[in-house]
Amino acid sequence: MSSTKSPLRILHLYPRDMNIYGDYGNILVLKRRAEWRGYKVEVIDYNPGDNFPKDIDVIVGGGGQDSGQDKVQADLQKISHKLRDLADNGTPMLVICGLYQLFGKYFQTHDKRIIHGIGILDIETIAESERLIGNITIQSQQFGDIVGYENHSGQTFLGKNAKPLGMVIRGVGNNKKDKSEGACSNNVIGSYLHGSLLPKNPHIADWLIEQAATKKYGNFESKNIDDHFTSLAREHAMKRPR
Amino acid sequence: MVKIHSVLMGKAVQHAARLRGGSGSALPGLVIEKFDKSFVANALTKFPYGVVFISGTNGKTTTTKMVVELLESQGLKVFTNRTGSNFSRGIAAALLSDMNARGKLKADIAVLEMDEAHAVHLAEKVKPRYCLLLNVMRDQLDRFGEIDHTAQFLHRIAMAPTNSVIVNRDDPRLASRKFIDDLTAKVSGFGVSEKLIHQFPSDDDMRSLSIEKRKALFDQDDTSLESLDGKSAEIKYANKIKKVSLKVNGIYNVLNAVSAIALCREIMGEKLQEEKMLHALSEVTPAFGRGEDIIVNGSPCQLILVKNPSGFRLGLQSFDPKGYAIMIAINDNYADGRDMSWLWDVDFDTLKSGGVSELSGMRAYDMALRLQYDDVPFLHVDTDLRRSLKNFLESANNKPKRIYCTYTAMMSLRHELSKIADVKAVR
């Protein structure tokens, strides 16, 4: 029985500085859905300067304002080798918006400055003047339709080692050119979608939990969760104006 | 000088819009702004006590109403845009209503509630004499992009006044060297005492400066809420503590009242009639939809506007749910903000024990999902506001009721309620 096992440990990356689009919703949904399946869960906050904790099973990071991104950059470089090792070992991760960009190779600012990312995702992001804002729906082979809200001025382009999370049905996505949205590599998912992402897309949450549980305990206790309101919320969100 | 033909034309449109059954607010303003771009700026130059701007993300409407009432207690005739329509066109419409046909407006002072982004342009044209800045909370990120941008808007507004700027000294983005240092007008602060500060959840923990350091950022003057016990408040200024019993509900409404006191003191200076001001303070009520009570079938129904996580958290914290039937109505029209992420930054634990009776609005199911993840029970969900309200009123028949609602949901609810109850018209 899973309740006797050591808890699943979720690391919330930079909750203080990178949390502006309801990113807590992603943490809460992971925690609850794991608990509803009988797992014990611990959420660990990691902020700049903290000791990087051991035995992490899932990592979640969010978006920030420019000021928040400035604050975490140096620290992110400092812990980059640890994050890279975890990614290489198949640790599931979800990074949204600002941290999605910083998990890539670089971010080029409006004044053409290059901010180095940590290169876990093979993507490059260039700041543009236009802000891409609104409801968005994408289609993913793995997860089906994914619904969310985008709000970013960086346009992201994928290299050959990254696969898009999905293709845009409505909205813009990574950039104004190729209809792709998000990026995946190993078990790392990056995306511009908030809203928050996981509440209305629980199949992604369950996949993250499944990867973590399988890796840690050797199996995953799948159990149906009543997603009646999730379906209705998704349906209504997809019908709302951009 | 205001052009007479602009006034006549605007009044004609206003009349036509009212005949069509509209409130007469947005359309005439829009038309006159197209017709005469300097109409608002010209009309605002003539007041003997000048122009006051009130801005910030939360509490503008209530604060503006309070400031107007405090200034009226001092014998001033006040022009204001009390409709909550705080864009330039709303001000144009309010000016049109109050002017005579020759473009004359009899008032001593203009007190204007200003939307953050729109205030910037008008402030640079009009040069207000005073400006009151309430806060920068996370609001409608989809409109402005980032909260730091909102702070930059407020900074540009703060650069404009000729006399003084009054700032919430407990707001981390306003009470900072970066915000204050290059302001040219006199800067005073208002806020709460150290023991009350924990009652104001902050979006971040940037409130790193101690209260003494924050006060030191400002000129000597400070107006502070020292304590609040139910509706009895102690307000400190000029080194004296005043006890006032209030009619307003909720600590954030009380803080708005404190900011209004700070502004009134600043405007009146030595002419201040203190007893009259404090009496007016004890009589002020919140603006429509900011905790106003509407009596429906003999029991009170309270409307609380929520538009961002801080406001929602404050609302949940300020009003005890015990004994109340609760409804939440979330719309996602442009004026509400289309992004629902903000609901996930609000903690709904306080509603757990009593539960929620009714969920409504276009995003009722987003709200249902949010409550599900906080283990808050709810009885009924319906995206149709009218049906939902009817069900809520019937099922919670004799209980006092409270409705948390976004802006456009509130407007619809007031409209529905006005059919069966006495709802104060929005001017």
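A residue counts as buried here if 20 or more other C-beta atoms lie within 10 Å of its own. With that in hand, welcome to a predicted model, in which 17 of the 18 residues of helix H11(B) are buried, so this helix is largely enclosed by the rest of the structure.

**Helix H11 of chain B**
- H11(B) runs over residues 251-268, and at 1.5 Å a residue its 18 residues should span 26 Å.

**Nonpolar cores**
- In soluble globular proteins, nonpolar side chains tend to be buried together.
- The largest nonpolar core here holds 106 residues, and Leu30(A) and Cys405(B) have the most contacts inside it.
- Leaving aside residues up to four places away in sequence, Leu30(A) touches Ile10(A), Val58(A), Val60(A), Leu198(A), Ala205(A), Leu208(A) and Ile209(A).
- There is also a second, separate core of 80 residues, with Val126(B), Leu134(B), Ile166(B) and Val254(B) among them.

**Where the chains meet**
- Chain B brings 27 residues to the contact and chain A brings 28 residues.
- On the side of chain B that touches chain A, the elements giving two or more residues are helices H7 (141-144), H8 (147-159) and H14 (364-373) of chain B.
- H14(B) gives the most to that side, with six residues.

Definitions and conventions: Residues are numbered from 1 along each chain as its sequence is written. Chains are lettered from A and ligands numbered from 1 in the order in which they are written. This is a predicted model: local features need pLDDT of at least 70, side-chain atom pairs count only at pLDDT 80 or more; totals for chains, interfaces and linings use all residues. A nonpolar core is a set of buried Ala, Val, Leu, Ile, Met, Phe, Trp, Tyr and Cys residues joined through C-beta atoms within 7 Å. A residue is buried if 20 or more other C-beta atoms lie within 10 Å of its own, exposed if 12 or fewer, and partly exposed in between; C-beta atoms are placed from the backbone. Two residues are in contact if their C-beta atoms, placed from the backbone, lie within 7 Å. Helices (H or I, at least four residues) and strands (E, at least two) are DSSP runs, numbered from the N terminus. The expected span of a helix is 1.5 Å times one less than its number of residues.
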